[in-house]
Amino acid sequence: MIDVVLPCLDEAEALPWVLSRMPAGFRPLVVDNASTDGSARVAADHGARVVHAPERGFGAACHRGLLAARTDVVCVMDADASLDPAELPRLAAALDALHTAGPPGPGAQGVPGLVLGRRRPSGRGAWPPHARLGNAVLARSLNRRAGTRLHDLGPMRAARRDALLALGLTDRRFGYPLEMVLRAARAGWRIGEIDVAYRPRTGASKVTGTLGGTVRAVRDMRRVLSEVAR
């Protein structure tokens, strides 16, 4: 069994589709981030375990879910129906492949792994140009600083729970996903990515679908880059 952390802010419209697509062996854990549209009730009605993260912030919701998860391996993905839970088994298999790959050097057995879903737009308007540009700029900055070769700071991820907690992530806003990758790279983790379909989200966008949301996310991530570098 693998717990799937779904940070959620007003996603009542999207949750039925997302939860109905959860594959066998993957258990949804919806983290309600002070929603006002009944998201928590919808999630519970569709069989999800629900925990509450009253402190607003994407990172706050993700971390609350990570603390509440009960399985060795955890996945994280958005709850807005832009990502298909049916992709999760491929993500978990890629994580297993990282762990069974030959060690990069002496004593490297047991090095943790992190797998990200590289978003491939599927459907008109799935990934607006301004959001794609901001993501590309951040990915290049990350690759320069951390020696990674990533194309996307994708929101669908898989890793081992205890290893993630040991990273000591501190950001509770939009910088949380970037901090995870940066600290994992600094700790010598194996980091990989696989292609996943990226659909037009259900409901109003809070980040990538708006210029203001994208600017806030990029600003938070640049701050994390600067702080972790110091």
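Me: Accessible areas here come from the Shrake-Rupley method with a 1.4 Å probe. What is the accessible surface of the chain, and what share of the surface belongs to carbon and sulfur atoms?
Reply: The model is a predicted one. Its chain has an accessible surface of about 10100 Å². The share that belongs to carbon and sulfur atoms is 52%.

Me: How many helices and strands are in the chain, and what percentage of its residues count as buried?
Reply: The chain holds 8 helices and 7 strands. It has 230 residues, and a residue counts as buried when its relative accessible area is under 20%.

Me: Among contacts in the chain between residues at least 6 apart in sequence, what percentage join residues at least 24 apart?
Reply: Contact means that heavy atoms lie within 4.5 Å. Of the contacts between residues at least 6 apart in sequence, the share joining residues at least 24 apart is 74%.

Me: Which element gives the most residues to the largest nonpolar core?
Reply: This core has 33 residues, and V4, L6, L15, F26, V30 and L88 touch the most other members. Several elements supply at least two residues each, including β1, α1, β2 and β7. The greatest contribution, 6 residues, comes from α4.

Me: With which residues is L88 in contact, leaving aside its neighbours within four places in sequence?
Reply: L88 is one of the core residues that touch the most other members. With those sequence neighbours left aside, the contacts of L88 are V4, M22, P23, F26, C75, M77 and M156.

Me: Why is helix α7 described as largely enclosed, and which residue with a positive phi follows the helix?
Reply: Helix α7 covers residues 176-186, and because 9 of its 11 residues are buried, the rest of the structure largely encloses it. Among the buried ones are Y176, L178 and M180. The helix is followed by a residue whose phi is positive, near 85 degrees, namely G188.

Notes
Residues are numbered from 1 along each chain as its sequence is written. This is a predicted model: local features need pLDDT of at least 70, side-chain atom pairs count only at pLDDT 80 or more; totals for chains, interfaces and linings use all residues. Side-chain values use heavy atoms; hydrogens and water are left out. Buried means under 20% relative accessible area, exposed over 50%, partly exposed in between (1.4 Å probe, protein chains only). Helices (H or I, at least four residues) and strands (E, at least two) are DSSP runs, numbered from the N terminus. A nonpolar core is a set of buried Ala, Val, Leu, Ile, Met, Phe, Trp, Tyr and Cys residues joined through side-chain atoms within 4.5 Å.
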